[in-house]
Amino acid sequence: MWGLTVRIRVVGVLFVALFMAQSCGVKYGFTGGSIPKDMKTYSVLYFENIAPMVYTTLSQNFTEGLKERIRTQSSLSQVNVDGDAIFEGMITNYTITPASVAAGGLERAENSRLTITVKVKYTNRLDQTGESNFEESFSQFKEFAGSDVTRFEAELNQEIIKALTEDIYNKAFANW
C-alpha cells in the first residue's frame with residue numbers, strides 16, 4: 001500500500017513537471033542581427049596599406065574580398081559611393097613573427113605567424129542615432145612551417161582576408 005501511494009505521487013509530480021515544461025517555450029532570435037529592411041546599398045572604399053611591411057596586392061585583395069563577402073551574403077547592391085552602409089579604413093599591420101622555435105639549440109623558427117590587422121570605419125547612413133556605427137581594428141593570423149613565407153604568402157593572405165571579412169560582416173550586420 002505504501003509503495004503504491006509513493007508511485008502515484010511520483011508519477012503525478014512527473015506528469016505536472018512534464019506539463020509545465022511543455023507549456024514553457026524559449027524563443028531564440030537574432031535581435032538586431034539582420035540587415036535593416038530599408039537598407040538597399042553598400043559602398044566599400046579602397047583600404048590603403050599603411051603597414052610598415054607591405055604585400056603589394058593586399059590592399060586590392062582585401063578591398064575586393066570585403067565587397068565579395070557583402071555581395072554574396074546579403075541582398076544589398078554595391079555602389080561606388082554614398083551607399084546606405086559605408087565601409088572604409090586601412091591596413092595597419094602586416095607582420096611575420098616566430099610562433100615556435102626549433103628544438104636542439106638552433107635558434108630558428110620552426111613555425112611562424114603571419115598577422116594582418118585592418119582598421120575599419122562602418123557607417124550606417126540610415127541610423128540617425130549612430131548607434132550601429134563603429135570604428136574598430138580587426139586582426140587575424142595564420143601559422144606556417146619555417147620562417148620563409150614566400151611559398152605560403154598568397155594562400156595565407158587569402159585565408160586571413162576571408163576570416164577578417166567574416167568578422168567585419170558579422171560586426172556590421174549580425175552584431176557578433
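1. Some ground rules. Residues are numbered from 1 along each chain as its sequence is written, and side-chain values use heavy atoms, with hydrogens and water left out. In this predicted model, local features need pLDDT of at least 70 and side-chain atom pairs count only at pLDDT 80 or more, while totals for chains, interfaces and linings use all residues.

2. Start with Ser112, which sits in strand 5; strands (E, at least two residues) and helices (H or I, at least four) are DSSP runs, numbered from the N terminus. Ser112 is buried, at 2% relative accessible area (buried is under 20%, exposed over 50%, partly exposed in between, with a 1.4 Å probe and protein chains only). A polar atom of the Ser112 side chain lies 2.6 Å from the backbone oxygen of Gly146. Beyond four places in sequence, the residues in contact with Ser112 (heavy atoms within 4.5 Å) include Ile96, Pro98, Phe144 and Gly146.

3. Next, look at Lys121, also in strand 5, which spans residues 109-124. Lys121 is partly exposed, with a relative accessible area of 38%. Not counting residues up to four places away, Lys121 touches Ile86, Phe87, Glu88, Phe134 and Glu135. Glu136 is 15 residues from Lys121 in sequence, and their C-alpha atoms are 6.6 Å apart.

4. Finally, find Ala172 in helix 3 (residues 153-174). Ala172 is buried, with a relative accessible area of 11%. Setting aside neighbours within four places, Ala172 is in contact with Phe87, Tyr122 and Phe134. From Ala172 to Asn124 the C-alpha distance is 8.7 Å, across 48 residues of sequence.

Definitions and conventions. Polar contact = N/O pair within 3.5 Å; in protein donor to acceptor, adjacent residues only side chain to side chain.
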